[in-house]
Amino acid sequence: MTAKTETNVRKLPPCRAACPAHVNVQGYVALIQRGKFKEAVEIIRRDMPFPAICGRVCFSPCEDACARVNVDQAVAIRGLKRLVADIERETGRIKSEPIPKKYGEKIAIIGAGPAGLTAAYELAKLGYPVTVFERMSETGGMMRYCIPEFRLEKFVVANEIAYIKDLGVEIKTGVEFGKDITIQTLQDEGYKAIFLAIGTQLGMKLNVPGEDLEGVINAVDFLRTVNLGEHVEVGERVAVVGGGNTAMDAARMAKKLGAKEVTILYRRSREEMPALPHEVELAEKDGIKFYFLVAPKQIIGENGKVKAIECLRMRLGEPDESGRRRPIPISFSEHQYEVDMVIPALGQVAETSCMPKELLNKEARAPSIKVDPATLETNMLGVFAGGDIATGPASIIEAVGAGKRAAVSIHRYLQGIDLRSGREEVEETTWVKNWGYINKKERRYEPPVEKPRLSFEETREYLENLKQHAMFEAFRCLGCGPCAECLANLELCEGDKAVVDETLCIGCNVCAVVCPFGAIKKNEKEIAQVNEDLCKGCGICAARCPEKAITMKKLPNEKILSLALAIVKG
Amino acid sequence: MMELENFNVVCFMCNWAFCQEEMQIPSDLNIVRVMCIGRIDPAIILETLEKGMDGVMLVGCKPPDCHFIDGNLQAERAVKMLRKLLKLTGLETERIKLLWYSPTDEKTFAYYAKKFLKEIKEIGFSPLKRGAPKSKLLVNVLAAKNAASDFRLRVLLGREKELTEGVNVYGEKFSVEEFDALLDEIVTEEFVRHKIHVLTKTEPLSVKALADVLEMKTANVLRHIVNMRRKNMIALDHVEGTTPLYKALEVK
Ligand SMILES: Cc1cc2nc3c(=O)[nH]c(=O)nc-3n(C[C@H](O)[C@H](O)[C@H](O)COP(=O)(O)OP(=O)(O)OC[C@H]3O[C@@H](n4cnc5c(N)ncnc54)[C@H](O)[C@@H]3O)c2cc1C
């Protein structure tokens with residue numbers, strides 16, 4: 001990697017810094033506080049095209065980073081996002097206008113999952129002609145074909161993709177990379193840059209005898225078939241093998257399709273399960289059973305059909321490289337469960353047969369494309385890759401982040417700009433160190449898992465009620481980062497900062513005491529100094545400074561006074 | 001519409017306190033938006049009153065919701081101090097109102113605005129309307145404004161939270177009542193000093209003359225004068241017979 005030549009560090013609040021797509025959380029939450037729901041969605045769309053999707057199924061690293069956890073609980077960021085996206089949809093169709101093409105260079109994107117679609121969205125916004133090639137008949141990748149309808153409704157996915165399409169992105173479905181098109185043919189057709197975002201589509205095998213019996217179906221294949229709308233014969237007693245989110249989805253789906261008993265078999269204990277606790281809870285609510293510390297040894301069949309699964313008991317040894325304790329089989333602990341369906345859900349791997357060998361990452365254990373993590377360049381000039389194909393199975397928001405990074409790289413590549421120099425980096429900035437004085441407030445908004453069926457009038461009432469809750473919840477945000485850039489009230493707050501007249505300051509420290517954000521400190525000369533990254537322009541210091549040494553750049557006392565007096569008549 | 005009928009009412013409003021429907025705001029109401037209601041300098045409010053404003057409404061977020069953590073409580077402290085000052089001037093304290101407004105309030109903002117206007121109409125026009133002859137009241141309001149601009153009250157206001165919630169360098173903690181008593185005392189002292197300053201600005205005055213106007217004992221007036229001389233607020237102008245006359249100095 002070349003040395004950093006020039007840096008361009010952006011200071012962001014913890015939520016935004018933690019989000020792989022750096023969505024302006026503090027900004028849209030601030031807008032929700034003011035009841036500006038539509039504007040809030042617009043703020044989200046500046047950073048990514050999937051507010052409604054992520055509002056439902058994002059793993060929300062923002063909430064994990066939320067500073068409010070130090071006081072009580074994280075702000076319900078994901079719920080708020082879902083709400084504003086739903087309000088927008090319910091109160092009128094969202095339409096986007098085609099963006100005029102500014103550049104002539106054609107760009108090809110392979111795979112219409114979140115990574116590919118985000119890159120297309122960003123590049124279209126920049127003014128490039130973009131074509132997305134997708135092998136399946138419909139777009140959305142895992143969001144369309146794997147995540148079950150009960151967590152992510154397909155019309156939501158379709159809506160958000162339609163928005164991208166309307167910007168002028170061309171999407172060609174039913175085109176398979178490696179068969180219908182290759183890097184060579186695309187380059188011959190005049191595509192100047194290529195982004196590979198084909199994800200990881202193959203379900204991992206159990207690698208035990210009996211895996212080809214009728215009644216064994218991999219979790220991703222199972223979910224995909226269901227999502228394609230095809231009929232799947234579900235057994236009476238189903239065993240799902242694995243402890244990740246895919247296992248939870250597959251188990252819940254099997255149950256919803258009519259299985260009497262669904263059991264998740266996991267080789268470690270509950271603590272080591274990679275699935276999110278929330279997902280596990282939902283699975284338990286649906287009546288899914290869990291057997292821990294068991295691993296399949298073989299699947300036993302009868303007349304070519306699954307009859308039982310034989311397992312070994314496990315115990316936990318020392319932590320392995322993943323940090324979780326390694327399961328060790330206990331000898332002679334074989335036992336059987338009678339089942340008529342087995343769903344292995346051990347994770348996904350990439351299909352690499354479709355691409356040139358030189359792109360592959362030879363060091364990695366699982367097949368993947370080798371990329372520079374910062375720029376997403378591959379070993380081939382003009383070819384970029386990102387999303388699950390580069391990282392292994394991850395998440396939507398990481399794929400979105402990759403799509404954004406790829407778009408920046410491709411734009412730089414096409415315009416002959418260095419891929420690294422001056423590229424934006426982010427740094428977490430927050431004002432709070434001492435939490436003691438912040439009032440505890442209950443988390444007031446949990447979005448309903450499923451929206452009730454309501455009439456038109458009821459829907460309005462329902463939404464009004466949700467809006468109220470959302471505004472209260474938004475007020476829990478401490479706004480702990482620098483300015484939110486929400487542009488909620490441009491003329492008022494854009495860039496307002498406190499300025500100290502050093503000749504007047506006497507170092508009394510009142511400003512430092514009243515500043516809610518600790519943005520003012522005395523320097524070694526006992527003179528107040530404003531940290532511009534933390535100052536949010538509230539002006540409380542200017543209202544209290546005993547020597548009137550502090551003024552606000554945009555809204556000084558004199559201006560407030562003259563605005564107030566403008567009306568006074570004799 | 002508010003039906004202002006020549007009443008001058010201004011509403012300082014937190015950018016975050018009102019939501020949803022800006023339309024709810026009566027079009028003829030003079031609104032000055034600020035980032036946080038805690039941003040309003042008490043001296044500004046007194047100056048608007050001095051210039052003849054009939055009513056001043058402050059609208060902030062209902063605690064504990066404040067975009068700036070506790071800026072709304074800063075406003076509450078300022079209003080408390082303002083009321084104490086106003087009481088000394090003789091102007092109706094009801095001319096200032098602090099409203100906590102929440103976007104999820106049942107009543108609209110317009111409801112509260114109209115209610116306030118009604119209250120102001122009941123009190124009547126401000127006696128300080130522009131063009132009114134310079135009166136005792138004006139002197140008082142000027143003195144209050146200057147007191148609110150001066151160091152001591154501002155420091156006290158700025159430090160109230162620290163003093164009542166934390167512990168000072170001597171390990172003492174003030175109860176809210178103790179602080180209130182202290183505030184009363186300092187508000188009164190500062191008001192008298194600034195009144196002396198305003199009065200001696202136009203003509204040099206003796207302690208006796210000041211005591212008559214202030215309705216105070218001469219000894220107490222003298223105590224203030226000594227203090228004010230030390231702070232370069234006032235100086236001996238000349239002596240008439242054996243009576244010294246004092247004149248205000250320009251404060252920076
Ligand atoms: C069951 C399940 C549940 C999940 N739940 C969540 C969740 O709740 N939250 C979350 O954040 N993440 C979740 N994920 C993970 C998330 O879906 C993925 O990390 C994300 O979709 C990866 O995006 P991607 O664009 O890299 O790949 P994908 O979404 O896999 O998209 C790749 C696209 O490329 C296409 N493609 C593949 N090969 C070719 C080819 N040769 N030619 C042309 N096109 C091709 C595919 O058809 C697909 O449309 C889940 C995953 C699974 C399997």
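Trainee: So domain bounds here come from an automatic or database domain assignment. How is chain A divided?

Mentor: This is a predicted model, so keep that in mind. Chain A has domain 1 (7-95 + 426-474), domain 2 (106-201 + 349-424), domain 3 (206-346) and domain 4 (484-568).

Trainee: What separates the centres of domain 2 and domain 4 of chain A?

Mentor: Taken over C-alpha atoms, those two centres are 46 Å apart.

Trainee: Now the ligand. Which residues come nearest?

Mentor: There are 34 residues around the ligand. Val57(A), Glu134(A), Arg151(A), Phe177(A) and Asp388(A) come nearest.

Trainee: And which domains supply that shell?

Mentor: Domain 2 and domain 3 of chain A each give at least three residues.

Trainee: How many are nonpolar, polar or charged?

Mentor: The shell holds 19 nonpolar residues, 9 polar and 6 charged.

Trainee: What about backbone atoms? Where does Pro114(A) come in?

Mentor: A backbone N or O atom of Pro114(A) lies 3.3 Å from a ligand oxygen atom. For Arg135(A), a backbone N or O atom is 3.3 Å from a nitrogen atom of the ligand. For Ser395(A), a backbone N or O atom sits 3.2 Å from a ligand oxygen atom.

Trainee: How much of the ligand's accessible area does the protein cover?

Mentor: The ligand has 1,000 Å² on its own, and the protein covers 98% of that.

Trainee: Which elements give two or more residues to the shell?

Mentor: Helix 7 (114-126), helix 11 (219-227), helix 12 (245-256) and helix 15 (396-414), in chain A.

Trainee: Switching to chain B. In what sense do strand 3 and strand 4 pair, parallel or antiparallel?

Mentor: Parallel, over 6 bridges. Strand 3 covers residues 55-61, and strand 4 covers residues 96-101.

Trainee: Which residue is the bridge partner of Val59(B)?

Mentor: Leu99(B), in strand 4.

Trainee: What do those strands make with helix 2?

Mentor: With helix 2 (residues 71-89) of chain B, they make a right-handed β-α-β unit.

Methods:
Residues are numbered from 1 along each chain as its sequence is written. Chains are lettered from A and ligands numbered from 1 in the order in which they are written. This is a predicted model: local features need pLDDT of at least 70, side-chain atom pairs count only at pLDDT 80 or more; totals for chains, interfaces and linings use all residues. Side-chain values use heavy atoms; hydrogens and water are left out. A residue is near a molecule or strand if one of its heavy atoms lies within 4 Å of it. A polar contact is a pair of N or O atoms within 3.5 Å; within protein, one must be able to donate a hydrogen and the other to accept it, and residues adjacent in sequence count only if both atoms are side-chain atoms. Accessible areas come from the Shrake-Rupley method with a 1.4 Å probe; for residues, only the protein chains shown count as cover. Helices (H or I, at least four residues) and strands (E, at least two) are DSSP runs, numbered from the N terminus. Ala, Val, Leu, Ile, Met, Phe, Trp, Tyr, Cys and Pro count as nonpolar, Asp, Glu, Lys and Arg as charged, and the others, Gly among them, as polar. Two strands pair if DSSP finds at least two bridges between them. A crossover is right-handed if, with the strands pointing away from the viewer, the path from the first strand over the helix to the second runs clockwise.
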